[in-house]
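Let's take a friendly walk through a few packing details and charged pairs. Please have the viewer open as you read.

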Amino acid sequence: MNKDTKDWLHDLLRVPAIPSEDIPNIDLYMDQITTFMDTHLADSRRYPDDKIMTKTMINNYTKNHLLPPSVKKKYSREHLFLLLLIYRLKNMLSITDIQSILEPLTTEYFPASEESGLTLKEIYDKLLAQTSERHPGIEEQIYADWEASRDSFASSPLSPEDAGYLDDLVFIYRLCYDIYVRKQAIEKIIDRRRTKSAPADKKSKKGGKTGKTE
């Protein structure tokens, strides 16, 4: 891979992250929350007019129990931690799955509790550290996929334009396959956790046995 191509791919793979030190430790109004997200995650936009987070989104997250409600129309630093996690997860998971996987955070670590022994900030920092450690390996794998996809149809009598298109298709399909496999694994883990945390079937009043209702 030549340097220009590697630099081009490297630019594509930049994922903006917001360290906890940059997250205000004061309560914010809705407009301040959306402005903060739009400013700090601007590089995540696909198109210039895309909105990172809107009032409607935040209200829907609260309505669907992904986000605890504001207090007197203000949102805490812990709200922002949760919103940033939701923002990352929503591109891959359904609202129901996000609610399922984040519910323990909202019930056990929001607001901060001495009993939990951990804060949302500490959990957020750990997640950021884990993803930062993984990024170089992901980047190298994508470089390798790019190289493997080049000249995929070199033996076919194709024009340079057609060959370039098919090389890109192979590259995209390889990436999509990785995403598909990982998404399948994620959904199965969520379903497994949901099954394990589901309340046990209520015993029938007659004979104290479980079973289908007649």
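A salt bridge here is a side-chain nitrogen of Lys or Arg within 4 Å of a carboxyl oxygen of Asp or Glu. By that rule, the structure holds 10 salt bridges. This is a predicted model, in which local features need pLDDT of at least 70 and side-chain atom pairs count only at pLDDT 80 or more, while totals for chains, interfaces and linings use all residues. Residues are numbered from 1 along each chain as its sequence is written, and side-chain values use heavy atoms, with hydrogens and water left out.

**Charged pairs**

Side chains of opposite charge can pair when their charged atoms come close.

| Salt bridge | N to O distance |
|---|---|
| Asp-11 and Arg-14 | 3.2 Å |
| Asp-125 and Lys-121 | 2.8 Å |
| Arg-150 and Asp-168 | 3.2 Å |

To describe their surroundings, buried means under 20% relative accessible area, exposed over 50%, and partly exposed in between (1.4 Å probe, protein chains only). Asp-11 is partly exposed because its relative accessible area is 43%, whereas Arg-14, at 58%, counts as exposed.

Helices (H or I, at least four residues) and strands (E, at least two) are DSSP runs numbered from the N terminus. Asp-125 and Lys-121 sit four residues apart in helix α6 (residues 120-149), so about one helical turn separates them. An α-helix has 3.6 residues a turn, so residues three or four places apart point the same way. Asp-125 is partly exposed at 24%, and Lys-121 is partly exposed at 30%.

Arg-150 is partly exposed at 21% relative accessibility, and Asp-168 is partly exposed at 34%. Arg-150 lies in the loop between α6 and α7 (160-197) and Asp-168 in helix α7, so this pair ties together parts that are 18 residues apart in sequence.

**How α4 meets α5**

Two packed helices are described by the angle between their axes and the distance between the axes. Axes are lines fitted to C-alpha atoms, for helices over the stretch in contact, and angles run from 0 to 180 degrees between N-to-C directions. For helix α4 (residues 77-89) and helix α5 (residues 95-108), the axes come within 11 Å and cross at roughly 165°. That makes α4 roughly antiparallel to α5, a label for angles over 145 degrees.

Which residues of α4 and α5 make the contact? Counting heavy atoms within 4.5 Å as contact, α4 contributes Leu-82, Leu-85, Ile-86 and Leu-89, and α5 contributes Ile-98, Ile-101, Leu-102, Leu-105 and Thr-106.

Ser-100 has its place in helix α5 and counts as buried because its relative accessibility is 19%. Leaving aside neighbours within four places in sequence, Ser-100 is in contact with Ile-190 and Arg-194.

Gln-99 is also found in helix α5. Its contacts, again leaving aside neighbours within four places in sequence, are Asn-64, His-65 and Leu-66. The C-alpha atoms of Gln-99 and Tyr-61 are separated by 8.8 Å, although these residues are 38 apart along the chain.

**The buried residues of α2**

In helix α2 (residues 30-40), the buried residues are Met-30, Ile-33, Thr-34, Phe-36, Met-37 and Asp-38. The buried residues of α2 pack against β1 (28-29), α3 (55-63), β2 (74-75) and α4.

Notes
Angles under 35 degrees count as roughly parallel, over 145 as roughly antiparallel, 65 to 115 as roughly perpendicular and the rest as oblique.
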